[in-house]
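Let's look at some of the words used to describe protein structures and ask where they come from. Have the picture ready and follow along.

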Amino acid sequence: MKNNKKILAALFVVFLIPLIVLYARPIFSKTTEKNFQWEMTKGELEELEQLHLLGSVESTNGWKSIELTPLHDSGSTAVFESMYTQMNPFIESLQSRFPKFMRGKDAHIANFVETDQHLLHVADYHYFYGSNSGVPGNTTTLELSILDKETNEIMTDDIIVEGEEGLYYAYVTKMELSDSLLIFELHIGGDFNEEIFFYVYDLQKQEVQTIINPTISQEEIYYGSESDIFLINESTLVTNDVIYTYPDYETEEFEEIQTQRIIRAYDLNTGETKELTLPESFIHTNGILYAANDIIYLIRYEEGNLHIETFDVATEEVTETNIPVTTEIFDNEGQYLTATPYQDALFLTEQVLIDRDDQLGFVLLDVANLTARAEGFITTNQELRYYIDYLYFE
Amino acid sequence: MKKTFDLLAFELHRVRILYPVLVLIIALMQITAIVDTNQNYMSMLEHFQITGQGNLLDFKEYWGPTQFTAVTGHLAYVYSLFVGVFTLLIYSVVIWYQDWWGKNNLSYRLLALPGSRMSIFFSKLLAILFMMVGLIAFQVVMLYVGNELFELISHPELLESTSIRQNIEYNAFLYVILPNLIFDFFLHYTIGIAALTLVFMMIVIALCYKLKGMFVNAAIIVGGIAVAVSSIRFDIFRHLFVQEILYVVIALSLLVFFLSLWISRKLLQEKITV
């Protein structure tokens, strides 16, 4: 019997060896240690001191949230690593910075919008089968929560949403905030179809100012178009929709999925569509679209230059400018790029850092004067993929 | 403690044939998956070349390289994991009833042994856990060995090596058994051990109260399902962050574990009969 116990103990130790090899090796290999360098080719690093790049880095233990700032070492906010706690880096950041506000709110990035003064959230609605109300009605309320980041005060309001009889869901897909207006795209699902609206909410009057019914077809909704929304002035909303055109399966001819860009403008006061006669290049060229102060910008990188086309909505004047830049920022024909307003400028950056031979280029573009205020790139010492998902500013 | 380990040795001695056979069956199924995946791939290549669709490089470009992830997604591989898990689950019940049912009087002797009767409980629990750890360790070894074997028999120009982590991630069931993160490993097995202890408690209840015990167990199952459904229906975790929900799950697992131990101890000391 004594020998049996010794054999069992030895067997148990043998059983543990493969498990220790599997789980302990990544801990001691230090491959998850992050190391990123910021290098400036123009301007000072201090100009970007309020910048936070939130992203994900692929490590041996899966994806991990990461925050890069120019003047501080990168770090992760995760207390412990678990597959079940991995979430959108922006939501993770919001939960760590504003835990009281975030408690009880769904972790959907689309439902939040943050400025340097406020954090806003609009809740979604989903009809729950078997609820006491029996069948879904034609109205529901969505809770709007506004956090004042300075005072930590939270204000809430109910936004009434009306649809057809049998309202099964109403969910927010994007939000935009100006000084006093909150605009959010709302998808409302009834018995047979889905509708998209832009709700314009006046934060000062605390009421819905306008409900815009955009000219988006059921087909566009069905095939899942993607869109950005811009406020180009206090009364005009511009949407940049990329429409997917699928091959005709009935003819059994294989075709590539085609994309088409549609830019539309809406009056925020009346909800009506505004005529917008854009140059062809805005519709058919890849690049970043941005709009502010009555001007729509199309920005792309071409052989050492930032090529910027502008369209003045008021005068319909078109200009073209080439800004020489030393940083190559446009990979993969304009894909994986992001542009974020930062201190009266636009921070343009690539979103993907593939490996240590790659550079994640960025340009701080002075939009008003069309000059590059700062340029540089981020490099890493590791063979890791890194994705910048979101940017926010202190 | 001595009694527990003596009984553990006794329990494991009982499976000295069955357990190696189980391990052998799993190994054979996984080797079959490796060979079959390679053969399927080579047949596809042959068909590709015979029908004039192109050469080896065209095939690789069209179908992609051959990877071990295809093996972990193979049906024989998936079934081999099910065989291991379900055999242990079934044996978790058999390990009790083989002493209580039939003509042998082993349960008399077990209950008559000097010392705490919880030794019976712990020895059976540890026996299952011992076998479980053995199967997990064997699975890790098979992942490394299988990967080497696959690379050995695969066409070198079509082969693309994958890491153990990638191979595990490709099979959702394997990922539950061997999660990539050590925290998740402890989380999964904390829940698993708590569930096993609960099953053992329910078996002890059934042994103590016979038909009435069955009703009690049915009530426990229905109650558990009702709590789970209600928690989803009323979204009771809505105000918790996901990390906090994990803490709650761990706390509930520990509660189930210790409560099951306490109830089992009471029943084994005061109620159980042969």
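Q: How do you know whether H5(B) and H7(B) are roughly parallel or antiparallel to each other?
A: The axes of helix H5 (residues 75-100) of chain B and helix H7 (residues 118-153) of chain B cross at roughly 165°. Axes are lines fitted to C-alpha atoms, for helices over the stretch in contact, and angles run from 0 to 180 degrees between N-to-C directions. Angles under 35 degrees count as roughly parallel, over 145 as roughly antiparallel, 65 to 115 as roughly perpendicular and the rest as oblique. H5(B) and H7(B) are therefore roughly antiparallel.

Q: Before we go on, what kind of model is this, and how are residues numbered?
A: This is a predicted model, where local features need pLDDT of at least 70, side-chain atom pairs count only at pLDDT 80 or more, and totals for chains, interfaces and linings use all residues. Residues are numbered from 1 along each chain as its sequence is written, chains are lettered from A and ligands numbered from 1 in the order in which they are written, and side-chain values use heavy atoms, with hydrogens and water left out.

Q: What makes a stretch a helix or a strand here?
A: Both are DSSP runs, numbered from the N terminus: helices (H or I) have at least four residues and strands (E) at least two.

Q: How do you know which way H10(B) and H11(B) run relative to each other?
A: The axes of H10(B) and helix H11 (residues 242-270) of chain B cross at roughly 25° and come within 8 Å. By the angle rule, H10(B) and H11(B) are therefore roughly parallel. Residues in this contact divide into 21 nonpolar, five polar and no charged. Here Ala, Val, Leu, Ile, Met, Phe, Trp, Tyr, Cys and Pro count as nonpolar, Asp, Glu, Lys and Arg as charged, and the others, Gly among them, as polar.

Q: What is the bend of H10(B) at B:Lys210?
A: H10(B) bends there by about 140°. The bend is the angle between axes fitted to the seven residues ending at a residue and the seven starting there. Just after H10(B), B:Asp235 has a positive phi of about 50°.

Q: How do you know that E21(A) and E22(A) pair?
A: Two strands pair if DSSP finds at least two bridges between them. Six bridges join E21(A) to E22(A), which run antiparallel, so by the definition they pair. A:Thr340 stands opposite A:Phe347 in E22(A). Two residues lie between the strands of this hairpin, and A:Gln343 takes a positive phi near 50°.

Q: Why is one side of E1 and of E21 in chain A left without a neighbour in the sheet?
A: Five strands form an open, antiparallel sheet in the order E1-E25-E24-E22-E21 (chain A). Strand E1 (36-42) and strand E21 (337-342) stand at the edges, each with a single partner strand, so one side of each has no neighbour in the sheet. Neighbouring strands of this sheet are turned by 20° against each other on average, direction ignored.
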